[in-house]
Amino acid sequence: MTISAEYLRERLAGTRKPLDPLDVVVPSGTYSWPAGMLDKIAATLKPAGVLVPVRRHNTGLTVLLTQRSAALKHHAGQVSFPGGRMEESDADIEATALRETREEVGIAEDQVSIIGYLETMPTVTGYAVTPVVGLVEGLVGLDIDRTEVEYVFEVPLSFLLDPANHRLVKREWQGLSFSMVEFHFDGQRIWGATAQMLMRFINIIKNNNL
């Protein structure tokens, strides 16, 4: 399935920035959370924003991801989108995602064209994460903050869209069992909240329901 940047703009045109960054939508369908899971973390959720950076190359679109430093307190050593916790100085959750992206990988705010938003998702680590989708075009130099990010890599959007690359696995958290999708690309394991966000992105692109 070949997707253009223009098509992405069209598919995401109806999405809106959340007015309340704590207004989460619990994952549903095949990748649902078990009953009671949100109740265990709802009272302590903290707002966070991440950027889903889509890059356009001659060979097609890719999604940029980071490998987080093993020394971090939260999500250490995991694959994630650039982003982090909202600060009081941030005007909104979009500003959070853009600021964190600049700080972590050196992509400046004026190098990103925002094209849409995904539903705010709770994570088991206590965050309400809003993914902001942005196009990053041209030759953009990266300046990686090694205290937070070990390295970055890109995954072809065509790979993510192919159902053959969606691995359904069983997970457990505090005695609760549920199913989640993982992606394995070029030695990288993309799982957890990042994989769930990618599935939401994919379903918007394909006009499917979760």
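Among contacts in the chain between residues at least 6 apart in sequence, what percentage join residues at least 24 apart? The figure is 66%, where contact means heavy atoms within 4.5 Å.

Good morning. The structure above is a predicted model, in which local features need pLDDT of at least 70, side-chain atom pairs count only at pLDDT 80 or more, and totals for chains, interfaces and linings use all residues. Residues are numbered from 1 along each chain as its sequence is written, and side-chain values use heavy atoms, with hydrogens and water left out.

I begin with the chain as a whole. It has four helices and 11 strands; helices (H or I, at least four residues) and strands (E, at least two) are DSSP runs, numbered from the N terminus. Of the 210 residues in the chain, 50% are buried. Buried means under 20% relative accessible area, exposed means over 50%, and partly exposed lies in between, with a 1.4 Å probe and protein chains only. The chain exposes about 10000 Å², and carbon and sulfur atoms supply 48% of that area. Accessible areas come from the Shrake-Rupley method with a 1.4 Å probe, and for residues only the protein chains shown count as cover.

The largest nonpolar core contains 36 residues. Such a core is a set of buried Ala, Val, Leu, Ile, Met, Phe, Trp, Tyr and Cys residues joined through side-chain atoms within 4.5 Å. Leu 8, Leu 157, Leu 160, Phe 183 and Phe 201 have the most contacts inside the largest core. At least two residues of this core come from each of α1 (5-12), β1 (46-57), β2 (60-68), β7 (127-136), β8 (149-156), α3 (157-161), β10 (176-185) and α4. Which element gives the largest share of this core? It is α4, with seven residues. Another core, of 10 residues, lies apart from it and includes Leu 51, Ala 97, Val 112 and Tyr 117.

Leaving aside neighbours within four places in sequence, Leu 160 is in contact with Val 63, Val 155, His 166, Phe 183, Leu 198 and Ile 202.

Next comes helix α4 itself. This helix spans residues 192-206, and its 15 residues reach 21 Å from the first C-alpha to the last, close to the 21 Å expected at 1.5 Å a residue. The expected span is 1.5 Å times one less than the number of residues in the helix. Helix α4 is mostly covered, with 12 of its 15 residues buried; among them are Thr 194, Met 197, Leu 198, Phe 201 and Ile 202. Asn 203 also belongs to α4, and Asn 203 counts as buried because its relative accessible area is 10%. A polar atom of the Asn 203 side chain lies 2.7 Å from the backbone oxygen of Met 199. After the helix comes Asn 207, whose phi is positive, near 60°.

In general, an α-helix has 3.6 residues a turn, so residues three or four places apart point the same way.

Phe 81 sits in the loop between β3 (79-80) and β4 (83-85) and is buried, with a relative accessible area of 3%. Beyond its neighbours within four places in sequence, Phe 81 is in contact with residues including Val 52, Leu 65, Thr 194, Met 197 and Leu 198.

Tyr 117 is found in strand β5 and is buried at a relative accessible area of 12%. Its C-alpha is separated by 8.3 Å from that of Pro 18, 99 residues apart along the chain. The side chains of Tyr 117 and Glu 94 make a polar contact of 2.4 Å. A polar contact is a pair of N or O atoms within 3.5 Å; within protein, one must be able to donate a hydrogen and the other to accept it, and residues adjacent in sequence count only if both atoms are side-chain atoms.

Finally, Asp 90 lies in the loop between β4 and α2 (93-105). Asp 90 counts as buried at 10% relative accessibility, and a polar contact of 2.8 Å joins its side chain to that of Thr 96. Thank you.
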